[in-house]
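Q: Could you show me how to read the features of a model like this one? I would like the general idea, and then the case at hand.

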Amino acid sequence: MLRTEICQYVLSRGAVRVGILDIGATVSFVEMPDRNGRVKNIVAGFRHAEEYWQNDHYFGCIVGRYANRIGKGRLMLDGHTVQLSVNNDGNHLHGGFEGLHRKRWRLQSRIESDDESGVVLEYTSPDGEEGYPGNLRIQVGYMLDAAGRFHMQYTAVSDAATPVNLTNHSYFNLSGFERPVIDDHLLRIFASRYTEKNGSNLPSGQLLPVSGTAMDFTALRRIGDRFGQLPQDGGYDHNYVLDGSLAGTMGVAAELYDPGSGRQLRILTDQPGIQVYTANWWDGSVVGAQGVPYLKHGAVALETQAFPDSPNQSSFPDTILRPGEVYRSTTVVEMNTK
Ligand code: BGC
């Protein structure tokens, strides 16, 4: 495969523009104005498209087949053991070594009308890829609507039972990286519980209340206030249990606001959880699309998804897709200024 032939599709509505790459079905830029109309790219990305073939930090891409961790990469499925690749500290993370983020996705359709600007990309993951059973045909639709909402819609079908958990791994810095860290951003998460985790970043199975802890974002709060209380991760790297998480209907998951620029995001999803990850492993070695080094806490990823390690936690919502079923997941990002 010729690595030079990288396609970028640009969705555009008013002052908002979104770039989509065929590698990893990646959101490569999101440009939006601040309260004074100054347009900036508010997501982490690379300067050169070829860098997306590697993308160790998962900038903007789709992660899967199973986003987040599966303990020891192992699960029981209909009485037999499935062994996935183990690529992160003895566990399976974000689909393994060559996950969906490193695949070339095929353009399925391009939509341009008065109401919307979008693309649908498709990838079929073959039986056995990274240890997953079944041929999994995945479609991701990205669409900007007239009101400046960015829709992400995932569907998947399989010819064998297999775990599926898809999400987009965009990192946001609403100042457009004019300020190098997001400590001053205000975050609200519509979750009164989170999944407790052990030292290997795997859930214990317990859902703990956020109330009275550094995890509490039930009211809008400065993200950086309590980083010091999270020594295990040096910031946030936690899955929140969205209130109404079992409803399976669209609800507000999170709000992110940058008082400096006035840019604001509101994230809606039909997924039960959201992983909040404050780029704790960034170290300034990557100079990103905005021409500045990406520092620790340089951005925040808000990953709407099923709970981590669900196949090994019988009390968590089921993530096994079976032949004849259709996996569906939708997340909407509303962009505003105030
Ligand atoms: C995970 C982190 C991981 C990071 C990799 C996040 O989604 O929650 O644990 O280090 O992805 O970029």
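Q: What should I know about the model before reading any value?
A: This is a predicted model, in which local features need pLDDT of at least 70 and side-chain atom pairs count only at pLDDT 80 or more, while totals for chains, interfaces and linings use all residues. Residues are numbered from 1 along each chain as its sequence is written, and side-chain values use heavy atoms, with hydrogens and water left out.

Q: How many helices and strands does the protein chain have?
A: Helices (H or I, at least four residues) and strands (E, at least two) are DSSP runs, numbered from the N terminus. The protein chain has zero helices and 27 strands.

Q: What does the radius of gyration of the protein chain agree with?
A: The radius is taken over C-alpha atoms, and the globule rule is 2.2 Å times the number of residues to the power 0.38. For 338 residues a compact globule would come near 20 Å, and the protein chain has 19 Å, which agrees. Its C-alpha trace spans about 60 × 50 × 40 Å along the principal axes.

Q: What share of the residues of the protein chain counts as buried?
A: Buried means under 20% relative accessible area, exposed over 50%, and partly exposed in between (1.4 Å probe, protein chains only). Of the 338 residues, 59% count as buried.

Q: How do I read strand pairing in a sheet?
A: Strands of a sheet pair through backbone hydrogen bonds, either parallel or antiparallel. Two strands count as paired if DSSP finds at least two bridges between them. Here an open sheet of six strands runs in the order β16-β25-β24-β21-β18-β19, with antiparallel pairing. Its edge strands, β16 (171–172) and β19 (203–209), each pair on one side only. Strand β18 (residues 193–197) pairs with β19 over four bridges in the antiparallel sense; Arg193 has Pro209 in β19 as its bridge partner.

Q: Where is Asn239, and what is it in contact with?
A: Asn239 is in strand β21 (residues 237–241), and it counts as buried at 2% relative accessibility. Contact means heavy atoms within 4.5 Å. Leaving aside neighbours within four places in sequence, Asn239 is in contact with residues including Tyr194, Thr195, Ile274 and Phe307. A polar atom of the Asn239 side chain lies 3.5 Å from the backbone nitrogen of Ile274.

Q: Is Tyr294 buried or exposed, and where is it?
A: Tyr294 sits in the loop between β24 (273–277) and β25 (300–305), and is buried, with a relative accessible area of 2%. Its side chain makes a polar contact of 2.5 Å with that of Gln290. A polar atom of the Tyr294 side chain is also 3.1 Å from the backbone nitrogen of Gly45. Beyond four places in sequence, its contacts include Val43, Phe59, Phe177 and Trp282.

Q: How many disulfides does the structure hold?
A: A disulfide is a pair of cysteine sulfur atoms within 2.5 Å. The structure holds zero disulfides. For Cys7, the nearest cysteine sulfur is that of Cys61, 18 Å away. Cys7 counts as partly exposed at 34% relative accessibility, whereas Cys61 counts as buried at 0%.

Note on methods. Polar contact = N/O pair within 3.5 Å; in protein donor to acceptor, adjacent residues only side chain to side chain.
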